[in-house]
Amino acid sequence: MAFELQTRAIRKSFSGVEVLHGVDLDAVGGSVLALLGENGAGKSTLVKILSGDYKPDSGEIHIDGDIRQSLDPVSARQIGIRMIFQEIVDAPTLTVAENIALGHLPRRLGLVDWSTVRRKAVQVLTELEVELDPNAIVGELRVGERQIIEIARELTEDARCLILDEPTAALSSQEVERLFQFIRRLRDRGVAIIYITHRLDEVPTIADRVQVLRDGNVVIRGEVAQFARKELVQAMVGRAVGEVKRPESIARHEPAQPRIRLEAAASGDDFLDVNLEAYAGEVVALYGKIGSGSASVAEALFGMRALTAGKLELNGETMSFGHPREAIEADVGLMPADRQREAAFMVRSVAENLVAPSWPRIARLGALITSGMESTIYARWHDLLGVRSRNDPAQLLATLSGGNQQKVLLGRWLERNSKVLVLIEPTRGVDVGARQEIYKLLRGLAAEGVAIVVSTSDYEEVVQVADRAVVMARGAIVANLDGNEITTERLIAEGH
Ligand code: ADP
Ligand code: MG
């Protein structure tokens, strides 16, 4: 009989606020359940109850008919529940093989058995059909590759239920297809799969059943074939939303010189001969699949990567940023891809995160940062950005959902009044509704005269946010699209 994992009437509160109001869920061996919902709907909280990270306040967990009030991480693991988190939690200084073995290093006579570590890694990578050097240092790999390693790690032991929390946000379409093939193979072996995503087009491709959460309640549950895309979107956001649409163009008068510009720029093997400019009042998308060089170009714009040829100009002045700090001092706002590691102070409060890059400016005014000041700044941006949180400046950033974290991180640069903003994968792991809000924010900023560069591997994002699109493949620019030339078809065709 197929493995069955169910929740019944699960309730969960944080600091007195209930975020799950009696949720039922059915995961069945040999079937993929898509779990959909906007940011803050409670998806991660629900699956963390299954992985034993959280204890529900009430309700039941049924495991093959065995009823429990709660699980702990050890028992969840023994049952065969494996969770792939949205945020990457690898060890960047270790090799691919070591990362795959992390947490369950094989030991012989008390010593780590390195030959087994390597052999197991190669076996899993082969099974995933991933061409990755087991000896490569993980910190030097792309986000998409690191995600695959995270999954590989969880699959080295027997899994009966695999939970994936938005795993594909940073993957290229090829990597996604490879992941899906692997998920299907696991499903056919009888594994129960819970697949959390905000990408609706993935639902019919990968899932057999679907469940939508909204504000901690189940609003839709059933076979995928029962629901049209529109119904799912509506269930998620609680209102009707349009399909992928071009934004209204921003009426701008051509300023004499670009805010930021790259000329014949190169960085090692990552990109070559890149010419790029962004003017005040426009959003320029740098579109390319993972590994195309688009993220590397964005990194070069804010000093995370050095140019080996060509030059970088800011308002006509040649710059050489050796560190993001120098870019920030020159008033370039930046949002790197891996927000947990590189940008956010996850264990700091929302208010501190908003204020951080403005410290030098506020300090120049001869003032000390007081918690009163932080609260004022917090109040200014919380509503404007539509941050959905407890409306408490002291809430830790880590407790916000992905989209809301991203809004706070955008707020930093608004507070600092940056004239150039460079973002990499700004809506990675952010769902439909919050995405639209972030696009609107970016469009609004451009309209106020900010020059914005968005590096992304998501073509729908390009269509929805960009005035111009620079398409990259294999480290070079392959197309420049303007205005209504930017369509999903063109982007897909040019980016290959
Ligand atoms: P989703 O994964 O659907 O985006 P989450 O389960 O992460 O949503 O969050 C649901 C709600 O619970 C949000 O309002 C979030 O702010 C809150 N929340 C999640 N984790 C914590 C926590 N550890 N402490 C306090 N609030 C939390
Ligand atoms: Mg989540």
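This tour moves through a predicted model, from its ligand to its aromatic pairs and then to its salt bridges.

**First stop: the ligand**

Begin by selecting ligand 1 together with the 13 residues around it, among which Gly40, Gly42, Lys43, Ser44 and Thr45 come nearest. The shell around ligand 1 divides into 4 nonpolar, 7 polar and 2 charged residues, and its largest share, 3 residues, is supplied by helix α1, which covers residues 43-50. Next, display the oxygen atoms of ligand 1 and look for the polar atoms beside them: a backbone N or O atom of Gly40 lies 2.7 Å from one ligand oxygen, while a polar backbone atom of Ala41 is 3.2 Å from an oxygen atom of the ligand.

**Second stop: the aromatic pairs**

The model holds 2 aromatic pairs. Select Phe14 and Tyr54, whose rings are arranged edge-to-face, with 5.2 Å from centre to centre and 75 degrees between the planes. This pair links distant parts of the chain, for Phe14 belongs to strand β1 and Tyr54 to the loop between α1 and β4, 40 residues apart. Phe14 has a relative accessible area of 29%, so it counts as partly exposed, and Tyr54, with 25%, is partly exposed as well.

Move on to Phe180 and Tyr195, whose ring centres are 5.9 Å apart; their planes stand at 75 degrees, so this pair is edge-to-face. Here Phe180 sits in helix α6 and Tyr195 in strand β10, 15 residues apart. Are these two residues buried or exposed? Both Phe180 and Tyr195 are buried.

Then select Arg443 in helix α16 and Asp467 in the loop between α17 and β21; their side chains meet in a salt bridge with an N to O distance of 3.1 Å, and both residues are buried. Finish with Arg261, Glu263, Lys311 and Glu313 selected together, which are linked in a network of salt bridges.

Key. Residues are numbered from 1 along each chain as its sequence is written. Chains are lettered from A and ligands numbered from 1 in the order in which they are written. This is a predicted model: local features need pLDDT of at least 70, side-chain atom pairs count only at pLDDT 80 or more; totals for chains, interfaces and linings use all residues. Side-chain values use heavy atoms; hydrogens and water are left out. A residue is near a molecule or strand if one of its heavy atoms lies within 4 Å of it. A polar contact is a pair of N or O atoms within 3.5 Å; within protein, one must be able to donate a hydrogen and the other to accept it, and residues adjacent in sequence count only if both atoms are side-chain atoms. Helices (H or I, at least four residues) and strands (E, at least two) are DSSP runs, numbered from the N terminus. Ala, Val, Leu, Ile, Met, Phe, Trp, Tyr, Cys and Pro count as nonpolar, Asp, Glu, Lys and Arg as charged, and the others, Gly among them, as polar. Rings of Phe, Tyr and Trp (its six-membered ring) pair if their centres lie within 6.5 Å; planes under 30 degrees apart count as stacked, over 60 as edge-to-face and the rest as tilted. Buried means under 20% relative accessible area, exposed over 50%, partly exposed in between (1.4 Å probe, protein chains only). A salt bridge is a side-chain nitrogen of Lys or Arg within 4 Å of a carboxyl oxygen of Asp or Glu.
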